[in-house]
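Subject: Structure for you to look at

Hi,

Here is the structure I promised. Please open it and keep it beside this email as you read.

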There are 4 protein chains.
Amino acid sequence: MAGKMKAAVCHEFGKPLTIEELDIPTINQNQILVKVDTCGVCHTDLHAVRGDWPAKPTPPFIPGHEGIGHVVEVGSNVDWIAKGDIVGVPWLYSACGHCEHCYGGWETLCEKQEDTGYTVNGCFAEYVVADPNYVARIPAGVDPLHVAPVLCAGLTVYKGLKMTDTKAGDWVAVSGVGGLGQMAIQYGVAMGLNMIGVDIDDAKLAQATELGAALTVNARDTDPAAFIQKQVGGAHGALVTAVSRTAFSQAMGYARRGGTIVLNGLPPGEFPISIFDMVMAGTTVRGSIVGTRLDMIEALSFYAQGKIRSVVKADKLENINQIFDDLQNGRVAGRIVIDFRN
Amino acid sequence: MAGKMKAAVCHEFGKPLTIEELDIPTINQNQILVKVDTCGVCHTDLHAVRGDWPAKPTPPFIPGHEGIGHVVEVGSNVDWIAKGDIVGVPWLYSACGHCEHCYGGWETLCEKQEDTGYTVNGCFAEYVVADPNYVARIPAGVDPLHVAPVLCAGLTVYKGLKMTDTKAGDWVAVSGVGGLGQMAIQYGVAMGLNMIGVDIDDAKLAQATELGAALTVNARDTDPAAFIQKQVGGAHGALVTAVSRTAFSQAMGYARRGGTIVLNGLPPGEFPISIFDMVMAGTTVRGSIVGTRLDMIEALSFYAQGKIRSVVKADKLENINQIFDDLQNGRVAGRIVIDFRN
Amino acid sequence: MAGKMKAAVCHEFGKPLTIEELDIPTINQNQILVKVDTCGVCHTDLHAVRGDWPAKPTPPFIPGHEGIGHVVEVGSNVDWIAKGDIVGVPWLYSACGHCEHCYGGWETLCEKQEDTGYTVNGCFAEYVVADPNYVARIPAGVDPLHVAPVLCAGLTVYKGLKMTDTKAGDWVAVSGVGGLGQMAIQYGVAMGLNMIGVDIDDAKLAQATELGAALTVNARDTDPAAFIQKQVGGAHGALVTAVSRTAFSQAMGYARRGGTIVLNGLPPGEFPISIFDMVMAGTTVRGSIVGTRLDMIEALSFYAQGKIRSVVKADKLENINQIFDDLQNGRVAGRIVIDFRN
Amino acid sequence: MAGKMKAAVCHEFGKPLTIEELDIPTINQNQILVKVDTCGVCHTDLHAVRGDWPAKPTPPFIPGHEGIGHVVEVGSNVDWIAKGDIVGVPWLYSACGHCEHCYGGWETLCEKQEDTGYTVNGCFAEYVVADPNYVARIPAGVDPLHVAPVLCAGLTVYKGLKMTDTKAGDWVAVSGVGGLGQMAIQYGVAMGLNMIGVDIDDAKLAQATELGAALTVNARDTDPAAFIQKQVGGAHGALVTAVSRTAFSQAMGYARRGGTIVLNGLPPGEFPISIFDMVMAGTTVRGSIVGTRLDMIEALSFYAQGKIRSVVKADKLENINQIFDDLQNGRVAGRIVIDFRN
Ligand SMILES: [Zn+2]
Ligand SMILES: [Zn+2]
Ligand SMILES: [Zn+2]
Ligand SMILES: [Zn+2]
Ligand SMILES: [Zn+2]
Ligand SMILES: [Zn+2]
Ligand SMILES: [Zn+2]
Ligand SMILES: [Zn+2]
């Protein structure tokens, strides 16, 4: 598709993105071109443009991996997706399709994956190239603005909850009731779990209660481990959305014997763990990142059924550096979503 | 049963045990009295008499929890065990029977458990009181000397292997091919796993190969992570029998994405863990201690089928302090088993 | 406890029960005596007094296995239950405690189990002897009349739903929305399942919708297999509460590939099954009966949280033969519960 | 690739195949052309050419789905497979890649699958077109003649054993120790299972023992249900490779409570099942067909490790009708493999 598009480009780690006019990218026969309607801004985008992680993107690149859009061009070899389809372009841009992880429905563990807005250009642009085998079909009638955060934030916590190996009726604590935590509470409630919100901000805890948490504890005033052990005999599962040393160590304390703690964040550095306690209590600690395509269908389906509502604020691509600044400084409640429509 | 018995008693942490003549203990209507034939000496006994762990036994006490013996007295309320039965008296002396762990076949996680040779007197004595609901039936025709280490060492690694969530054909690395590791190799082979021995002692690795390990690596010369990743694409599971910082960190490195590392030891102190790597690779780290009664039946059954052979050396109760000394200084190959017969 | 009690006794299969004055039974040191407050009347009681099944009870016997009562006497060897405790006396009177099923948390499969109101006297009496290790603790504040059906009907469908191996968000059809089916819809909703009611009675289907079913189909007018396949691509799981040839064959038709059909009833005779279809579709068919003590805790916990409401009608023991007659002729909506209080 | 090839073609159900000279088929950009070296003859081929099953192939077609060959042509869009690669062309020719089954690693349940030698032309020909995404890589150094039966027979029983939900040390009975059964015994042994052979032919049972079965029973002389229940307390799992009414009903009898019976054959007609027994015993009955690509990798890996040996007899394509005749009349021991090399 000939023409120009607006995009936010990272040219150097740690520097502001520049808003540029670029050629609309061309696709090969196995790809599709998506006109982006909305795209959420995720912490991972911030890590990407700062070059925080060991394996870094290669500038210049366009971040953004919570893109919702409609398909405007389809490669000649693509038969599963058609022009006009509404799709989500998520973090997992593509996987090899042939390794044991891919065969086993665990493409998120594929060692040859490409990641949107990181190893390939992402959705902070009016158009984005996507692999039709890895985009998500967006259920009909869903608002592009509000569904965007499901693509990464929602998917991540939903999968994280699944990885706690808990079942309906079990107690699951969510450590950190920010954007991710609020979604986790809602997914947990929809899954029949008894959710516990753990945070240091009473307003957030009040919101957790409103979203269906059966119990909340302010870790600033109260030792969450003692509290949860006393109230319900410990949590069967824990989802640590904002992994800090404190949050991690608290989760080890409030987990029930035989419980599972799922880590959903990507903090740098090393964390201390008491193996003695872990062995005595039969605790499981597990890392989980985003979710597979099947998880995505499920996460979107819960959303389409009205069981999840996301708190979003629409903004413009031109404000991306301010958004990043707010994000970095904890001034964002819910999710900022870039709205390209209009 | 009136009379006297010989026992090794810990009166003070860190001091030598004393060999004493004590009254044969009396049982209540729900207990049984076992005449001990053999009892293995486990590292946990060493931790017990040194008072190494946070929750300590209360001296004076008699250690020992790999006891094999025959039942000589049966409480009036006991109907499942009869005089003359050959039983094993393991670490798990009893559990509450009514908590969710007990109901769910996870009595090893019971918060009200009693532990043999730790919270109640153990098998470093000619007679021991036992709870008939928690002793193991020893399969007929099995040698009391060689089966003793199955009660704790064998059970522990067998359960540990189960907790790796692997299946036949998967690759499982055993870190530390000492007494526990050798048993782990054998149980793994019997379970259809492709076993990898990791150690720093070539003699032990040679033995691992002889016991059926498909691959071995000397971590002194070769980086086990690089080696295992290259040879087989990483291990699906890892059993760390001798948990040290190095062993733990190596296991994180050689685990395949989505793999599970089971910790089978009880080291004091804290270990560093990179949560970033764990989340990216979807790794699971899990603590596991001894095994349930059902695990015990299975572990003994593999043994009775001739699939496991234990390396034991018989010794006398009177030498217990020397044995502890040897154990502490790594001078014990296989298992020392106290033989009370004769 | 000296004294007399009123009881409904079966002296001959197929004959009316007689209401008699009997001595209050005595307990041994390992038992408890429960004063029955309420007891639901289950189809199994009908099968028992008619001698319908291959293994029959031995008359004279007292049926009844949904008993709620308070403990009035405690054997000297019992420490887990105290006088005054409110307990439920369920179908599983006791199990051996030492077989692989008992060890593994599957005491409902124990080959040496005793069953209340069948192999031992049950709760259609003012007093009943119980095994303290197998009674259920009734959560505080719960109404004895309404909770009674949870002990068997609720437990059975809750366990049945668990055995469908489905997860929150999956589609599960309930075949037969009578007393059991209504409870199944509610448990399913509480577990986050998308429930489908299948029946031939529009009133029952309307009730299913009211209880949270996402979809219903009247199998008299509409082929449920075609309907469910078309609407949602087939059910991941199916619970057949009233197993008939038709219901079973329909479930085979509306199950999704890889789906699981759980049978929750005990019809006599043989049912035809197409193995070709089963293999092609990878279908699982599974029998499930009542539930374990852990399932009971969970089932009661959902109830205590207010997520399940049972439809009950109180009646008097003296009317038991009329109740059986109504039950047999399908004239009972919900559950008749004998109320002994007053 | 221009040129001619020899092929066995079915023009009419129930009629002999004709050996013909056909044009070597052409591939599109997403396909590969495989020069067939060997191809096993499976019972399913017989069903195909007789039109036995409800969904039939459309004549004319070429059967054969245990093809081993080397890649001679590669579509321009194919990057995972290269010219010269040795591949297996199995029953599952292709699947949609986008349904929940495909996403979940269950492509064998895909409703849009194509099947080799059934819905598309198969390997009873010198050349066959294949979908590179669904062929199996054959491990280096493996004999094409002997590995062929692993592609369908081996894969089927391996997956079937996995679907019994058993673990190492469990007892698993194989009903029918013919070609499939012999492979099942071997895979079971490699998986650490205690295998039981059930057949009516002493020679086959002797072979089962030789292949590692721990127990065998001749169902002509001895009731296998009584025998297995008495010897080992019932089988945890059963694999019924030759599903007949008798075999199915016996398996229901010798399964342990809570056991799983996997059906691996595709008999027409209906089989009677006692739901009462199934519910009382908590039995699971499950259909299983071939295996996924991941199962294939595993099945081939066991083979490549030397743990499985197949009994094959090489034959020529020209003899296909005689082979079918022998197969139909039970005159084939092991597997006939068409050898195209020479
Ligand atoms: Zn991959
Ligand atoms: Zn993200
Ligand atoms: Zn307990
Ligand atoms: Zn020990
Ligand atoms: Zn009942
Ligand atoms: Zn039992
Ligand atoms: Zn085949
Ligand atoms: Zn598909």
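Why is helix H4 (residues 153–162) of chain D largely enclosed by the rest of the structure? Nine of its ten residues are buried, so the rest of the structure largely encloses it. Buried means under 20% relative accessible area, exposed over 50%, and partly exposed in between (1.4 Å probe, protein chains only). The buried residues of H4(D) are Ala153(D), Gly154(D), Leu155(D), Thr156(D), Val157(D), Tyr158(D), Lys159(D), Gly160(D) and Leu161(D). Helices (H or I, at least four residues) and strands (E, at least two) are DSSP runs, numbered from the N terminus.

Some ground rules. This is a predicted model: local features need pLDDT of at least 70, side-chain atom pairs count only at pLDDT 80 or more, and totals for chains, interfaces and linings use all residues. Residues are numbered from 1 along each chain as its sequence is written, chains are lettered from A and ligands numbered from 1 in the order in which they are written, and side-chain values use heavy atoms, with hydrogens and water left out.

Now the metals. Donors are N, O and S atoms within 2.8 Å of the metal (3.2 Å for Na, K and Ca); water is not among the atoms, so sites may look incomplete.

Take the zinc ion (ligand 5). Its protein donors are Cys42(C) (SG), His65(C) (NE2) and Cys152(C) (SG), 2.0 to 2.2 Å from it. Their spacing in sequence is C-x22-H-x86-C. Cys42(C) sits in the loop between strand E3 (32–40) and helix H1 (43–50) of chain C. Cys152(C) is in the loop between helix H3 (144–147) and helix H4 (153–162) of chain C, and the two cysteines are 110 residues apart. Cys42(C) is buried, at 8% relative accessible area. Cys152(C) is buried too, at 7%.

Next, the zinc ion (ligand 3). Cys96(B), Cys99(B), Cys102(B) and Cys110(B) each give an SG donor, 2.3 to 2.4 Å away. The spacing is C-x2-C-x2-C-x7-C. The four donor atoms subtend angles of 106 to 118°, so the arrangement is tetrahedral (all angles between 85 and 135 degrees). Cys102(B) is buried, at 10%, whereas Cys96(B) is partly exposed, at 27%.

Last, the symmetry. Chain B can be laid on chain D with an RMSD of 0.0 Å, by a turn of 180° and a shift of 0.0 Å along the axis. The two copies are therefore related as by a two-fold rotation axis. Superposition is by least squares on the C-alpha atoms of residues with pLDDT of at least 70 in both. In chain B, the C-alpha of Gly192(B) is nearest the axis, 2.5 Å from it.

Best wishes

Technical notes: Four donors count as tetrahedral if all angles lie between 85 and 135 degrees; four count as square planar and six as octahedral if opposite donors are over 155 degrees apart and all others between 65 and 115; anything else is irregular.
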